[in-house]
Amino acid sequence: MSERPPIALSIAGTDPSGGAGIHADLKTFTALGVLGTTAITALVAQNTHGVSRVYPIDEDFVTDELDSVLNDMPVDATKTGMLGSRSLVDLVVDRAATSDFGFFTVDPVMVATSGHRLLEVDAVDAVRTRLLPAADLITPNLPEAALLLGDDVPEATTPEQMRDQARELVARGTRAVLLKGGHAADGEVADILVTADGEVTEFAHPRIATPNTHGTGCTLSAAITAEAAVLRRANGGKTLASEDMRQAVERGLDFLARALASAADWKVSLDPAGAHGPVDHQVDIVRR
């Protein structure tokens with residue numbers, strides 16, 4: 001095996017405040033010992049109070065970005081974040097079919113925490129029918145899972161409903177679904193992993209009282225992708241078995257829990273009222 005670190009690719013939008021998107025992904029990859037590469041899909045003006053503007057990147061340039069990475073570097077794992085349009089979803093799916101994305105995580109980013117829509121309405125069907133079947137793992141939250149299942153499907157409110165919705169998403173072609181329970185009203189945060197082999201694994205973490213939840217979905221999917229890259233690199237590039245996938249998910253969830261707890265009392269905004277700050281991506285890194 002040649003001397004190189006595990007390599008991960010993030011296909012997503014930016015966040016100048018550093019809490020979400022490409023910026024969160026790169027920090028998470030670095031914290032977990034993975035070389036991060038990127039293809040930027042949109043320039044997003046946002047901060048701890050929300051999104052003010054989205055500037056989509058020309059698709060020919062996104063193709064050039066992907067070429068720059070995939071034609072030069074062996075990627076062990078890839079994740080998507082904000083894709084924005086149906087044509088960009090199609091571009092990524094088509095490229096995944098002709099290039100080695102390694103372990104492929106899809107974070108189906110649709111709406112920002114602030115409520116700003118990040119995926120065009122006509123792109124939802126492309127995510128349902130094309131992107132999900134191409135993925136090894138999808139990581140929807142409760143609202144995203146309901147939307148992926150249908151326009152009129154209600155959000156799951158119980159563990160039983162979460163398991164049923166995750167199974168239904170797996171039946172639509174993806175290898176595994178991690179249904180995130182952070183949007184549930186109270187109690188422990190319960191996340192449910194369902195794999196195509198029928199295994200159901202439930203993970204529970206204490207709910208942390210904090211306003212600093214900006215970018216948690218990006219950070220979690222990046223952490224899982226990084227852990228998958230490490231495992232895939234270690235096993236010589238072979239497809240991850242379900243057991244390895246569960247290990248990557250568990251490690252990713254543990255990283256997010258530590259990052260949330262470490263930043264629980266941060267006040268990074270000049271106007272803290274209503275602000276949602278980032279998690280602590282450096283929680284495992286010694287500060288100098």
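Let's start with strand β8, residues 189-195, which is mostly covered: six of its seven residues are buried. Buried here means under 20% relative accessible area, with exposed over 50% and partly exposed in between, using a 1.4 Å probe and protein chains only. Helices (H or I, at least four residues) and strands (E, at least two) are DSSP runs, numbered from the N terminus.

A word on the source. This is a predicted model, where local features need pLDDT of at least 70, side-chain atom pairs count only at pLDDT 80 or more, and totals for chains, interfaces and linings use all residues. Residues are numbered from 1 along each chain as its sequence is written, and side-chain values use heavy atoms, with hydrogens and water left out.

Back to β8 and its partners. Strand β7, residues 176-179, pairs with β8 in the antiparallel sense over four bridges. Pairing requires that DSSP finds at least two bridges between the strands. β8 also pairs with strand β9, residues 200-205, again antiparallel, over six bridges. Look at Ile192. Its bridge partner in β9 is Glu202. Ile192 is also the β8 bridge partner of Leu179. The hairpin of β8 and β9 has four residues between the strands, and Gly198 takes a positive phi near 90° there.

Now the helices. First pair: α2, residues 59-70, and α3, residues 86-98. Their axes come within 11 Å and cross at roughly 25°. Axes are lines fitted to C-alpha atoms, for helices over the stretch in contact, and angles run from 0 to 180 degrees between N-to-C directions. So α2 and α3 are roughly parallel to each other. The classes: under 35 degrees is roughly parallel, over 145 roughly antiparallel, 65 to 115 roughly perpendicular, the rest oblique. From α2, Glu59, Val62, Thr63, Leu66, Asp67 and Leu70 meet Ser87, Leu88, Leu91 and Arg95 of α3. Contact means heavy atoms within 4.5 Å. By class, that contact of α2 with α3 has five nonpolar, two polar and three charged residues. Ala, Val, Leu, Ile, Met, Phe, Trp, Tyr, Cys and Pro count as nonpolar, Asp, Glu, Lys and Arg as charged, and the others, Gly among them, as polar.

The contact includes Leu220, Ile224 and Leu231 of α7, and Val249, Phe255 and Leu256 of α8. Its residues divide into eleven nonpolar, four polar and three charged.
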